[in-house]
Amino acid sequence: MEPDERLLRAARARPGAARVLHGSAEHIPLPDASVDVVHARFAYFFPSEGFSPQPGLDEVARVLRPGGRLVVIDNDHEVGEFAQLLAASAPAAAQGRGSSPTRWWAERGAQTVSVLSGWQFQSRRDSSGCCTWSSPRSWHRGGWMSIRGGWA
Ligand SMILES: C[S@@+](CC[C@H](N)C(=O)[O-])C[C@H]1O[C@@H](n2cnc3c(N)ncnc32)[C@H](O)[C@@H]1O
């Protein structure tokens, strides 16, 4: 499911048999109790001081069948180098900080499983391209990346 018209077209153009619906976490175009699993990866479910994804959670509860599951994949803001990187970024704070996202989910009865992963690149050029694209400049020049031996 995708709310953005341009990304919706791109998703529908991809190979495979998946049906891509136009909708959002808060407005899922499916009937009550019609879904076994809802899976959201790095999309909408980012509890923070300034944002509660409760409307989306209520909507997921509406469409899930009894016994159904919601599986959310989000960044870890507490453990690992990427958590340090996020903490160094003001824009990333809008998507949670420290233990607050984990607490938000625990208060709603969710279980959190920590999965440590890493990035590996074929070349410095690839890593530079990816990280420059997906992170603010302040992380690079004189910031977190250069301290870690990344970009000078
Ligand atoms: C960082 S991308 C992640 C895309 C994909 N899930 C992945 O892991 O590669 C965030 C996606 O969430 C979508 N999104 C933003 N707001 C949303 C909402 N309220 N409900 C559902 N999806 C939303 C964006 O349009 C975008 O496709």
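Colleague: What does the secondary structure of the chain come to?
Modeller: Seven helices and two strands. Helices (H or I, at least four residues) and strands (E, at least two) are DSSP runs, numbered from the N terminus. From that end, the elements run α-β-α-β-α-α-α-α-α.

Colleague: How is the model to be read?
Modeller: This is a predicted model: local features need pLDDT of at least 70, side-chain atom pairs count only at pLDDT 80 or more, and totals for chains, interfaces and linings use all residues. Residues are numbered from 1 along each chain as its sequence is written.

Colleague: Why are G56, L57 and V60 of helix α2 called buried?
Modeller: A residue is buried if 20 or more other C-beta atoms, placed from the backbone, lie within 10 Å of its own, exposed if 12 or fewer, and partly exposed in between. In α2 (residues 54-63), G56, L57 and V60 are the buried residues. They lie on the same side of α2, because they cover an arc of only 100° around the axis. That arc is of the directions from the helix axis to the C-beta atoms.

Colleague: Which exposed residues does the face turned away carry?
Modeller: Q54 and D58.

Colleague: What do the buried residues of α2 pack against?
Modeller: β1 (35-41) and β2 (64-73). Two residues are in contact if their C-beta atoms, placed from the backbone, lie within 7 Å.

Colleague: How much of the chain counts as buried?
Modeller: Of its 152 residues, 11%.
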